[in-house]
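Biologist: I'm new to this one. Can you show it to me and take a few questions?

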Amino acid sequence: MTKTLTSRPDNSATAALMAGAGDRIELMQTFVRIVEAGNLSAAAAQLGTTQPTVSRRLQSLEQFLGVRLLNRSTHSMRLTADGERCYEHARNLLAGWAAFESDLRGTNDEPEGVLRVVAPHAFGQERLVRPLADYLRRYPRVSVEWLLHDDTSLQDFISEGIDCAIQIGELRDTNLVAIKLAEVPRIVVAAPSVLAGRPMPQQAIDLVGLPWLSLRTFYRSEVFLHHVQTGEIQRVAFTPRLSTDNLYALRIATLEGLGVAIGSTWILADDIAAGHLIQLAPQWQATPLPVNLVYPYARFYPARLRRFIEVIRASVATALHV
């Protein structure tokens with residue numbers, strides 16, 4: 001009797017993949033990152049590896065599964081029907097695996113891996129680096145990509161590989177988890193030279209006719225000021241001499257005497273104390289800006305993100321104290 005033997009291709013990629021579940025999970029993680037990043041080079045950057053390595057992992061997964069997952073050309077990439085099914089299954093499997101590991105290790109598992117965080121330029125430099133340093137000292141197996149960005153419309157967390165963001169101002173994307181951390185008080189200031197012998201403005205209406213600077217992220221050609229005691233609201237309209245999207249640039253321009261500005265109390269307090277700036281109409285202030293920590297909804301959050309949220313929640317209110 002002749003026994004029929006069924007052979008399967010013997011290639012190093014498949015052999016390596018079959019060596020253990022860890023290899024398969026790595027390949028699925030790479031595939032999910034490729035899909036969400038939009039291309040191999042972006043996925044490689046987010047994974048901290050090279051594009052050829054990412055390409056080899058994709059080929060290994062396709063060879064193991066026996067299907068083509070992506071159709072690629074020079075300028076585009078799209079999922080095949082099999083790739084779409086694989087992507088959904090892989091995401092669910094990876095979330096389940098992460099939850100399984102966390103459950104076995106306990107809720108106090110040691111954070112590890114790379115955490116990618118977006119924060120506003122000035123706030124991220126001046127007030128959050130110390131809490132970040134505290135976080136890194138506590139958890140030495142974590143590394144952080146600290147990305148400073150003032151564009152509050154940056155919401156494409158998945159394709160950018162962002163874990164969370166600290167945003168100042170009203171939220172634009174209600175599909176994100178949002179934790180309110182604090183509020184940023186804002187005041188009206190100018191260099192003494194701006195008044196040029198004029199009486200000190202005490203009322204919001206007294207600010208009309210002065211030269212103004214604008215912080216485009218939050219105000220451009222008008223501001224609404226409220227009285228801190230009565231709650232009365234007054235509109236002040238102007239044509240800005242200088243418009244910027246950077247709080248540092250606004251502060252320097254104000255110190256140079258170019259005009260009146262509205263800025264965060266925490267960044268202006270030292271200049272006021274030194275006499276370089278004066279607070280105008282002190283009973284009138286702009287509406288405080290909320291500070292939120294936001295991140296995408298997910299079935300499971302890794303320990304590095306959970307611990308970072310804990311540290312930041314405990315630190316931001318202190319960071320804003322002046």
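This is a predicted model: local features need pLDDT of at least 70, side-chain atom pairs count only at pLDDT 80 or more; totals for chains, interfaces and linings use all residues.

Biologist: How many salt bridges does the structure hold?

Modeller: The structure holds nine salt bridges. One of them joins the side chains of glutamate 26 and arginine 57, at 3.4 Å from N to O.

Biologist: Which parts does that pair tie together?

Modeller: Glutamate 26 is in helix 2 (residues 21-37) and arginine 57 is in helix 4 (residues 51-65), so the bridge ties together parts 31 residues apart in sequence. Glutamate 26 is partly exposed at 34% relative accessibility, whereas arginine 57 is buried at 18%.

Biologist: And what does glutamate 112 meet in a salt bridge?

Modeller: Its partner is arginine 141, at 2.4 Å from N to O. Glutamate 112 sits in the loop between helix 5 (81-105) and strand 3 (113-119), and arginine 141 in the loop between helix 7 (129-138) and strand 4 (142-148).

Biologist: New topic: how many residues are in helix 12?

Modeller: Helix 12 (residues 303-319) has 17 residues and spans 24 Å from its first C-alpha to its last. A kink of about 25 degrees is centred on arginine 313.

Biologist: Which residue forms a salt bridge with glutamate 310?

Modeller: Arginine 307 does, with the closest N and O atoms 3.2 Å apart.

Biologist: Is arginine 307 buried or exposed?

Modeller: Arginine 307 is buried, at 9% relative accessibility. Glutamate 310 is partly exposed, at 44%.

Key
Residues are numbered from 1 along each chain as its sequence is written. Side-chain values use heavy atoms; hydrogens and water are left out. Helices (H or I, at least four residues) and strands (E, at least two) are DSSP runs, numbered from the N terminus. The expected span of a helix is 1.5 Å times one less than its number of residues. The bend at a residue is the angle between axes fitted to the seven residues ending there and the seven starting there. A salt bridge is a side-chain nitrogen of Lys or Arg within 4 Å of a carboxyl oxygen of Asp or Glu. Buried means under 20% relative accessible area, exposed over 50%, partly exposed in between (1.4 Å probe, protein chains only).
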